[in-house]
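Hello,

Here is the structure for you to take over. My notes follow below it.

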Amino acid sequence: MYSMNSDELNTIAWNKEVKRNNYWTRPVTKEAIEEARKGNLTLPFLVDKPMRKDWIDQLGNEVLLVGAGGGQQAPLLSAYGKKVTLVDISEMQLKQDEFVKKRDNLTFDIIQGSMSERLNFNANSFDSVVNPVSINFIKNPKYFYEEVKRVLKPNGIFITAFANPALYMFSPKALEKGKMKIKYTLPFDADISLSDKKRKKMIRKMDTFEYSHLLQTLIGNLIDLGFSITGFDTAESDFEPIDSFLKECYIAIKANKL
């Protein structure tokens with residue numbers, strides 16, 4: 001086994017992704033910020049599909065972004081006029097937000113923290129919580145959902161997104177060759193599904209440790225905690241070998257705290 005937990009491993013991995021110039025680590029342009037200031041907001045959210053305008057209109061004023069570092073969503077929402085607080089586990093991702101904040105003279109709070117731990121805010125603090133595709137990097141989504149519910153104001157909005165669990169069935173090596181080969185049973189858990197040799201290799205390469213979860217975990221827990229699901233959206237993966245078989249590769253949910 002390995003001495004670091006998944007949070008520590010993924011912190012290192014996402015710091016590395018910044019150096020690799022991963023799409024989700026690239027700061028938005030000054031032009032995008034200026035458009036947001038004019039009221040023309042295109043918010044990166046679901047692969048290459050921006051957040052729906054009708055969802056943005058329901059966010060309210062005080063917005064908490066969790067797992068959303070990279071210099072994209074927080075600066076754009078701030079430029080759009082929202083009071084934004086950003087929480088992310090990667091210090092390098094947060095430096096991207098600091099860069100845009102300083103470059104474009106924006107105002108928003110930046111906090112390094114984990115989705116796996118208690119959110120350090122009082123109950124009923126935010127009108128909305130926005131969580132781009134990042135829940136696949138934590139082991140226990142239910143605890144995160146409980147924290148989201150606690151910090152949301154009554155009837156607050158929670159918008160979250162995640163990979164379709166079915167994506168995790170396939171062999172990554174075969175996908176790189178354009179082939180769909182089922183390799184893993186679900187739920188995929190990087191701590192269990194992979195061999196010790198593979199995990200050690202991932203640690204050396206600073207790759208992310210991921211967890212597919214079950215739909216019961218991702219959606220059922222929201223309902224069990226008293227959220228009302230009021231919106232649903234999907235997107236393709238933007239990778240043809242997968243999209244030719246599976247159209248709804250990423251899923252976004254809008255839910256109200258009751």
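Which residues of helix α6 (residues 141-151) are buried? This is a predicted model, and in it P141, F144, Y145, E147, V148 and V151 are buried. Seen down the axis of α6, these buried residues fall within an arc of 160°, so they line one face of the helix. An α-helix has 3.6 residues a turn, so residues three or four places apart point the same way. The cover over the buried residues of α6 includes β1, β4 (126-131), β5, α9 (215-224) and β6 (227-235).

Next, the cores. The largest nonpolar core has 30 residues. Within it, F45, M51, L65 and L77 touch the most other members. The elements giving two or more residues to this core are α2 (30-37), α3 (53-56), β1 (62-66), α4 (73-79), β2 (83-88), α5 (91-103) and β5 (152-163). Helix α4 supplies the largest share, four residues. Leaving aside neighbours within four places in sequence, L77 is in contact with L41, L43, L59, V63, L65, K82 and V84. Another core, of 25 residues, lies apart from the largest one. F126, V129, F144 and L152 are among its residues.

D191 sits in the loop between α7 (172-176) and α8 (196-205). Its relative accessibility is 15%, so D191 counts as buried, the cut-off being under 20%. The D191 side chain makes a polar contact of 3.0 Å with the side chain of K139. A polar contact of 3.1 Å joins the side chains of D191 and Y211.

Best wishes

Notes: Residues are numbered from 1 along each chain as its sequence is written. This is a predicted model: local features need pLDDT of at least 70, side-chain atom pairs count only at pLDDT 80 or more; totals for chains, interfaces and linings use all residues. Side-chain values use heavy atoms; hydrogens and water are left out. A nonpolar core is a set of buried Ala, Val, Leu, Ile, Met, Phe, Trp, Tyr and Cys residues joined through side-chain atoms within 4.5 Å. Buried means under 20% relative accessible area, exposed over 50%, partly exposed in between (1.4 Å probe, protein chains only). Contact means heavy atoms within 4.5 Å. The arc is that of the directions from the helix axis to the C-beta atoms. A polar contact is a pair of N or O atoms within 3.5 Å; within protein, one must be able to donate a hydrogen and the other to accept it, and residues adjacent in sequence count only if both atoms are side-chain atoms.
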